[in-house]
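Thanks for coming. I have one chain to go through today, and I'll keep it short.

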Amino acid sequence: MDTERTAAVNIGGEEFTLLLTTRATKEIAARYGGLENLGEKLMKSENFEMALDEIVWLITLLANQSILVHNLRHPDDRKPELTAEAVELLTSPTTSPDAKTPSCRPCTGGPSETWRVSRI
């Protein structure tokens, strides 16, 4: 896969590829008005819980893109899609300065928030 639009993330001990596809871009545009508005929306979230909900939605959306591509290419070896509930349970936010932002890297080309997806 194109490394400029991907990032690896570990969710619950399993590695997923976050992939920015045209479909994901359309969903982000529908929700935020475009990729350029994504960071602003996250920074202006009215409360921490709302910001976390948006990050979980984004991680789920981007992780599911690689699953959908796999399922398209391998119809006899389908993988289940992630749910926001599973991502919430299997991840945790942190304020570690060395953390990278897997959720935003495929969208912006680099980390912009501090978020670590960790193994539970």
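Predicted model: local features only at pLDDT ≥ 70, side-chain atom pairs only at ≥ 80, totals over all residues.

Residues are numbered from 1 along each chain as its sequence is written, and side-chain values use heavy atoms, with hydrogens and water left out.

Confidence next. pLDDT is the predictor's confidence in each residue, from 0 to 100. The chain has a mean pLDDT of 80, with 77% of its residues at 70 or more. Over residues 95–120 pLDDT stays under 50. The model still has 76 contacts for that stretch beyond four places in sequence, a contact being heavy atoms within 4.5 Å.

Now the fold. There are five helices and two strands, in the order β-β-α-α-α-α-α along the sequence. Helices (H or I, at least four residues) and strands (E, at least two) are DSSP runs, numbered from the N terminus. Of the 120 residues, 40% are buried. Buried means under 20% relative accessible area, exposed over 50%, and partly exposed in between, with a 1.4 Å probe and protein chains only.

The two strands pair in the antiparallel sense over six bridges; pairing requires at least two bridges found by DSSP. Thr6 stands opposite Leu19 of strand 2. The strands form a hairpin with two residues between them, and Gly12 in the turn has a positive phi of about 60°.

What is in the core? The largest nonpolar core has 20 residues, and Ile11, Phe16 and Leu82 touch the most other members. Strand 1, strand 2, helix 1, helix 2 and helix 3 each supply at least two residues. Helix 3 gives the most, eight. By nonpolar core I mean a set of buried Ala, Val, Leu, Ile, Met, Phe, Trp, Tyr and Cys residues joined through side-chain atoms within 4.5 Å.

On to helix 1. Its buried residues are Ala24, Ile28 and Tyr32. The face turned away carries the exposed residues Thr22, Arg23, Lys26 and Ala30. Just after helix 1, Gly33 takes a positive phi of about 90°.

Last, which residues does Asn64 touch? Asn64 sits in helix 3 and counts as buried because its relative accessibility is 7%. Leaving out residues up to four places away in sequence, Asn64 touches Glu81 and Leu82. A polar atom of the Asn64 side chain lies 2.7 Å from the backbone nitrogen of Leu82. From Asn64 to Ala24 is 40 residues in sequence and 9.3 Å in space, C-alpha to C-alpha.

That leaves Leu82 in two places on my list: among the residues that touch the most other core members, and in contact with Asn64. I'll take questions now.

Conventions: Polar contact = N/O pair within 3.5 Å; in protein donor to acceptor, adjacent residues only side chain to side chain.
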